[in-house]
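Thanks for asking me to look over this one with you. Please open the sequence and the model side by side, and we can walk through them point by point.

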Amino acid sequence: MPSIMLELVDEDGTTIGTAEKLAAHQAPGQLHRAFSVFLFDEEGRLLLQRRALGKYHSPGVWSNTCCGHPYPGEAPFAAAARRVHEELGVSPSLLAEAGTVRYNHPDPESGLVEQEYNHLFVGMVQAPLRPDPSEVEETAFVTARELAERHEAAPFSAWFMTVLGAARPAIKELTGETGGW
């Protein structure tokens, strides 16, 4: 399997080089470009995914709709749309930029570190999902209340609450004040 390369960035998100994906995640981690997507259905429910058990990083935990890394030189928006289709077998019917967030989250289970400059996207999904089982163990559409209950009862990715919090203003704009987000 060929190496997957990531874009290394500085604190302002300016590209400064590349690194192999696994190497970029080994402690202490190298700051690299990433993206996180939050898709909602027409009822304002968030699409979550539980990561496939075979993934080397954070297997079997719940997380946002889709997350990943652009290839070097690939626009984060294009990468987000590409990975949603690759992982979930669907294209968003709406996808909008929702800002950026920078974080450093060690994963105690794997020893890997998420040192990321993360581009956030929110949008809508209207077509039936066709998840790739090598990427996604299961999916669920949840309300804000159901998310809180699930978050108390099941493991989530180390970065989930950080990216959700950063995307929340755009999520509220998308779902409206009555959505509870």
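1. Contact here means heavy atoms within 4.5 Å. Leaving out residues up to four places away in sequence, Leu 46 touches Phe 38, Leu 39, Phe 40, Thr 65, Ala 140, Phe 141, Val 142, Leu 147 and Trp 181.

2. A note on reading the model: it is predicted, local features need pLDDT of at least 70, side-chain atom pairs count only at pLDDT 80 or more, and totals for chains, interfaces and linings use all residues. Residues are numbered from 1 along each chain as its sequence is written, and side-chain values use heavy atoms, with hydrogens and water left out.

3. Now look at the active site. UniProt, in an unreviewed entry, lists Cys 67 and Glu 116 under "active site"; such annotations may be inferred rather than shown by experiment. The two span 50 residues in sequence, yet their C-alpha atoms are not more than 11.5 Å apart, so they gather at one spot.

4. Is Cys 67 buried or exposed? Cys 67 is buried, at 15% relative accessibility, where buried means under 20% relative accessible area (1.4 Å probe, protein chains only). Its contacts, apart from neighbours within four places in sequence, are Phe 35, Ser 36, Arg 51, Glu 87 and Trp 159.

5. Glu 116 is buried too, with a relative accessible area of 5%. Its side chain makes a polar contact of 3.0 Å with that of His 32 (a pair of N or O atoms within 3.5 Å, where one must be able to donate a hydrogen and the other to accept it; residues adjacent in sequence count only if both atoms are side-chain atoms).

How values were computed: Buried means under 20% relative accessible area, exposed over 50%, partly exposed in between (1.4 Å probe, protein chains only).
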